[in-house]
Amino acid sequence: MVIAVASGKGGTGKTSVAVNLAISIGNFQLMDCDVEEPNAHLLLYPRISHKEPVYTLIPSLNEELCDHCGKCASFCQYNAIFASSEKVLIFPELCHGCGGCILICPKKAITEGKHRIGTLKRGFAGDSELVYGELEVGEPMAVPLIREVKRHIDKSRNVILDAPPGTSCPVIETVKGSDFCILVTEPTPFGLHDLKITVQVLKDMEIPLGVVVNRTGIGDKKVYEYCKEAKIPILLEIPYHRRIAELYSKGVPFSQEMPEWKEKFIMLFKEARRLAGK
Amino acid sequence: MKQITVLSGKGGTGKTTITASFAVLAKKAVVADCDVDAPDLHVLLHPEILETQEFKGSKLAVIDEGKCIKCGLCREKCRFKAITQDLTVDPFSCEGCSVCTIVCPVNAITLTERISGHAYISKIKYGFMAHAMLSPGEANSGKLVTLVKQNAKILTEKEKIDLIIIDGPPGIGCPVIASVTGIDAGLVVTEPTMSGIHDLKKALQLLRHFNVKPFVCVNMYDVNTDNTEKILNYCKENGIKVVGRIPFNSKVTEAMVAGKTIIEYSPKSDVAKEIVAMWSQLLAELGLR
């Protein structure tokens, strides 16, 4: 069973929900797909046993064979190649690695090269595994690194994917192929606005979903009204609690210190499994 | 003309609350919401849309079933696994690279432009606003951010305004890079949590990478004063100015529910006072006062 935890708005408590869910069910695999700002390791303290660089494929030009016809540059949809009558420039950060320039070059002057975009890390905390990616500062493209993190999914286990905020390509890449998605929101106008956008994305992708309302007690009731109207199940409510906020600030998953929450997260998992038909 | 971006690394630290307050305090500015996939600034600033533009950010492969001979070459050559087993295009995976169009032996595939969102030019009570909405699930948010920034710039020229205040998206990837290139200062809003500190460092690294002058604001600093101390020390050691320390106050959420900035909703609150002080310090740093 693969469950994604996503949100639209940032800072609603995705990582907190993902980690507390994971440690409550035990023996899990947690994939932190927020490669721009991975945070799950700051709550789980895994022993990192494995680190590897992650590369994207970029064109590498053999200047001797190149006759400056410019076909590669006009083919590239991402403006990653600039060609003039004297010079060809390649911009690795813009390249999506489609390989089209290699296919189009009539002189076979382009081969595949490598460009480092980040690091993949794996480690264990008890019987459970954490896999995450760290995008290099200045590298714009998160998607290839997310793809690499997800390549390590072990489907024989319970897998939890911690998604980045937003609703664009990195989120799509993360939730793609999940059996269920938990959307974490807060009962505020910002929370509601971004929840609606994310629900739209998941409906288009036909991924079943449910909502966790975090920091209840603040804000208003509109998130509840929306969920009722849109027939979206609310799976769990977590109150705004100074103690929970303080534990999080220290890097402690609150269900560890407040064990009554473990049972609630196990129920959340069972309900997600039932709704996913697993 | 000066540009300042409010960013954070970590989401939910208070970027939008602070940006909207700055807009009110600036009285006449262009505000740009560059969090194009989850924009929230309009909830507080109530823009009146003057102009809407279609954003064609990416392309999508379309297979002409009448011509297709089911050879499967497109599926084989696609690096994004965007061609399904029954040879249809998965729009969520297609990155519009056009490799399939050149490998297809019968020219059955073409690229079409897709409308990936809309950009807006609006009027607000305190000046003007450039914003956008990426269609849910679309790619190329960086390009849309660049369009929003261009619109903001055009507005400053037309309306003779000397300041753009930019609300940035969370993270450090393509839309964030697009939000910080070419600006005069970056204000990183953080919170005193382990993740807040971790993400603050990344955001500061990003500003350094693009040669942007950094400033820091610790929001909800009283949630964990030990961590706040760590942030202040870190900034001191690295020569970075901390321009604000904002306490936790439930009035911020109340203001949001009322659709107002904290400056309008509760001008005498500790939060509002701190934001006012921070703004005058930033104006002085930008040489605008």
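**Exercise 1: two helices in chain A**

Work out how helix α1 and helix α11 of chain A cross, and which residues make the contact.

*Solution.* Start with the axes: those of α1 (residues 14-25) and α11 (residues 260-276) of chain A come within 8 Å and cross at roughly 95 degrees. Keep in mind that this is a predicted model. Next, classify the angle: values from 65 to 115 degrees count as roughly perpendicular, so α1(A) is roughly perpendicular to α11(A). Now list the residues. From α1(A) come A:Asn20, A:Leu21, A:Ser24 and A:Ile25, while α11(A) brings A:Trp261, A:Lys262, A:Phe265, A:Ile266, A:Leu268 and A:Phe269. Sort them by class and you get 7 nonpolar, 2 polar and 1 charged residues.

**Exercise 2: the sheet of chain B**

Find the strand order of the 9-stranded sheet in chain B, then place the helices that pack on the sheet.

*Solution.* First, some overall bookkeeping: chain B has 11 helices and 11 strands, and its C-alpha atoms fill a box of roughly 70 × 40 × 35 Å along the principal axes.

Now walk across the open sheet: the order is β3-β6-β7-β2-β8-β1-β9-β10-β11, with mixed pairing. The edges are β3 (48-55) and β11 (241-246) of chain B, each of which pairs on one side only. From one strand to the next, the twist averages 20 degrees.

Zoom in on one pair. Strands β1 (residues 2-7) and β8 (residues 163-167) of chain B run in the parallel sense and share 5 bridges. Across that pair, B:Gln3 stands opposite B:Ile164 in β8(B).

**Exercise 3: where the chains meet**

Describe the side of chain B that touches chain A.

*Solution.* Count first: 51 residues of chain B and 52 residues of chain A take part. Helices α4 (99-103), α5, α6 (174-180), α7 (194-209) and α9 (251-257) of chain B each supply at least two residues to chain B's side. The largest share, 8 residues, comes from α7(B). By class, chain B's side divides into 21 nonpolar, 21 polar and 9 charged residues.

**Exercise 4: the nonpolar cores**

Which residues touch the most other members of the largest nonpolar core?

*Solution.* The core has 145 residues, and the ones to pick out are A:Val5, A:Ile160, A:Ile182, B:Ala23, B:Val31, B:Val148 and B:Ile165. Apart from that core lies another, of 13 residues, including B:Ala61 and B:Cys100.

Definitions and conventions:
Residues numbered from 1 in each chain as written. Chains lettered and ligands numbered in written order. Predicted model: local features only at pLDDT ≥ 70, side-chain atom pairs only at ≥ 80, totals over all residues. Pairing = 2+ DSSP bridges. Helix = DSSP H or I, 4+ residues; strand = E, 2+ residues; numbered from the N terminus. Axes fitted to C-alpha atoms, helices over the stretch in contact; angles between N-to-C directions. Contact = placed C-beta atoms within 7 Å. Parallel < 35°, antiparallel > 145°, perpendicular 65-115°, else oblique. Nonpolar A, V, L, I, M, F, W, Y, C, P; charged D, E, K, R; others polar. Core = buried A, V, L, I, M, F, W, Y, C linked by C-beta atoms within 7 Å. Buried ≥ 20, exposed ≤ 12 C-beta atoms within 10 Å, placed from the backbone.
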